[in-house]
Amino acid sequence: MSLKAIAVMASGRGSNLRVILDAVAAGNCPVDVQLVISDKAEAQALDIARAANVPQVLHITPKDYTDRAAFDAACAEAIDAADCQWIVLAGYMRILSSPFVRRFRQRIINIHPAILPAFPGAHAVDDALTYGVKVSGCTVHLVDEVLDGGPILAQAVVPVLDDDNCESLHARIQAEEHKLYPATLARMVELGFHFDGRKVIWNT
Ligand code: GRF
């Protein structure tokens, strides 16, 4: 298995997938995107992956499976068949089942639009605005069985302005995501990391 081979799972617009593929093409991110999986037929991420000639682009339909575990098992089989070391979640809107998380322990990475552990969950940008924080940002983290609760790999901060709405704040956060995600993936395959408790220490 190539330690650089990654599978990306995405449900939506796919802007993070796009910047990862762009960084790879520009020689700035030494990962190898072997597989893109989406649970949504209409996900733009699928078009982005096809346009970039990703070797395997799969739409796997949740309705075809009896439950979440069976759907996740089908995704896991595709990931193993493609020999991917890392699973990169990029706007993947489904909660992963415990067997999936255990199967790929410390090999699943997610990006979340808030400074964790503040504002986990699906409405992070709105929740941060409603709370009235003055800074927010994004977090790249490993996925464990706690929603948005795995060890933190990297974070970037943005200001929250008085006249922000969800769209304007999310756009500012996404600009940081688009730098942070490819850079963190590059660091991951080039340097690697180890743990001190739950703290991630980057190798030098
Ligand atoms: C990002 O804001 C990410 O933090 C969150 O979902 C969004 C995905 O955006 N998990 P995109 O589909 O990559 O444009």
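This is a predicted model: local features need pLDDT of at least 70, side-chain atom pairs count only at pLDDT 80 or more; totals for chains, interfaces and linings use all residues.
Residues are numbered from 1 along each chain as its sequence is written. Local features require pLDDT of at least 70 and side-chain atom pairs pLDDT 80 or more, whereas totals for chains, interfaces and linings use all residues; side-chain values use heavy atoms, without hydrogens and water.

**View 1. The two domains of the chain.** Domain 1 spans 1-104 and domain 2 spans 110-204, with bounds from an automatic or database domain assignment. Their centres, taken over C-alpha atoms, lie 19 Å apart.

View 2. Contact (heavy atoms within 4.5 Å) joins 22 residues of domain 1 to 18 residues of domain 2. The buried area (accessible area, 1.4 Å probe, that two parts lose on being put together, summed over both) is about 1600 Å², and carbon and sulfur atoms give 70% of it. Of the area that domain 1 buries against domain 2, 29% is supplied by Asn16, Trp86 and Leu89, more than by any other three residues.

View 3. One salt bridge (side-chain nitrogen of Lys or Arg within 4 Å of a carboxyl oxygen of Asp or Glu) is found between the domains. Arg102 and Glu145 form a salt bridge, with their closest N and O atoms 3.6 Å apart.

**View 4. Elements on the domain 1 side.** Helix 1 (15-25), strand 4 (86-89) and helix 4 (98-103) each give two or more residues to the side that touches domain 2; helices (H or I, at least four residues) and strands (E, at least two) are DSSP runs, numbered from the N terminus. Helix 1 provides the largest share, five residues.
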